[in-house]
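Please consult the sequence and the structure while reading.

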Amino acid sequence: MEVKPLIKKIVIIALTIVVAYLLQTSVFSNLQLANVTPNILIIVTSAFGFMRGRKDGMFVGFFCGLLLDLNSGTLFGLYALIYLLIGYLNGLFEKLFYGDDIKLPIVLIAVSDFAYSVVIYIIFFLVKGKFDILFYFTSVMLPELVYTVLVSIALYFILYRLNIFIDKQPDKRRRSNFV
């Protein structure tokens, strides 16, 4: 890969991660439904995973999680690890990905968000002896899952266009003014 396309790819992905983080922590924190916000960073991690493969999914997931780690201040590196794994696992579905079919992306984003919620429940609640998973499921997991899926329907097409733009190679042929 040439240097310029690589820099273009890194800049676009970095800006996407920062914008997603800002949307999640500022805009959507003020647009709560049922006291939950959609997990925009899961959408971005999952999307880049199944669109671009395991390596890019891990890269995006790690940095999305790292931003959350910097924000949360508890168990530093935990979110980076969780998101890295989510990006990797979504990258396993790259061969099944077709851009115009939204079913697979929505299912993968939903499964990723659910898995994320289960892991968070185990680490932050179950370990502390809070065994009321039914309450957590109905008040946090399910509403967040639904909200994330609804938002992902809109964001998916933006992320898909970004993915196409990243892969687009500039035309190296020059037009002649004499033809």
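**Salt bridges and helix packing**

Lys 103 is exposed, because its relative accessible area is 60%. The model described here is a predicted one. Side chains of opposite charge can pair when their charged atoms come close.

- Lys 103 takes part in a salt bridge with Asp 101, and their closest N and O atoms are 3.1 Å apart.
- Asp 101 has a relative accessibility of 29% and therefore counts as partly exposed.

**The pair of Asp 56 and Lys 9**

- A salt bridge joins the side chains of Asp 56 and Lys 9, at 3.1 Å from N to O.
- Asp 56 belongs to helix α3 (residues 54-72) and Lys 9 to helix α1 (residues 3-27), so this pair ties together parts that are 47 residues apart in sequence.
- Both Asp 56 and Lys 9 are buried.

**The pair of Arg 52 and Asp 167**

- Arg 52 and Asp 167 form a salt bridge in which the closest N and O atoms are 3.1 Å apart.
- Since Arg 52 lies in helix α2 and Asp 167 in helix α6 (residues 133-167), the pair ties together parts that are 115 residues apart in sequence.
- Arg 52 counts as buried because its relative accessibility is 15%, under the 20% limit for that class.
- Asp 167, with a relative accessibility of 43%, counts as partly exposed.

**The network**

- A network of salt bridges links Lys 9, Arg 52, Asp 56 and Asp 167.

**The packing of α2 and α5**

- Two packed helices are described by the angle between their axes and the distance between the axes.
- Helix α2 (residues 40-52) packs with helix α5 (residues 103-124) at an angle of about 130 degrees, and their axes are 9 Å apart.
- The crossing of α2 and α5 is right-handed.
- On the α2 side, Ile 42, Ile 43, Ser 46 and Phe 50 make the contact, and they meet Pro 105, Leu 108, Ile 109, Ser 112, Asp 113 and Tyr 116 of α5.
- The residues in this contact of α2 with α5 comprise 7 nonpolar, 2 polar and 1 charged.

Key
Residues are numbered from 1 along each chain as its sequence is written. This is a predicted model: local features need pLDDT of at least 70, side-chain atom pairs count only at pLDDT 80 or more; totals for chains, interfaces and linings use all residues. Side-chain values use heavy atoms; hydrogens and water are left out. Axes are lines fitted to C-alpha atoms, for helices over the stretch in contact, and angles run from 0 to 180 degrees between N-to-C directions. Helices (H or I, at least four residues) and strands (E, at least two) are DSSP runs, numbered from the N terminus. A crossing is left-handed if the near helix is turned anticlockwise from the far one by less than a right angle, and right-handed if clockwise. Contact means heavy atoms within 4.5 Å. Ala, Val, Leu, Ile, Met, Phe, Trp, Tyr, Cys and Pro count as nonpolar, Asp, Glu, Lys and Arg as charged, and the others, Gly among them, as polar. A salt bridge is a side-chain nitrogen of Lys or Arg within 4 Å of a carboxyl oxygen of Asp or Glu. Buried means under 20% relative accessible area, exposed over 50%, partly exposed in between (1.4 Å probe, protein chains only).
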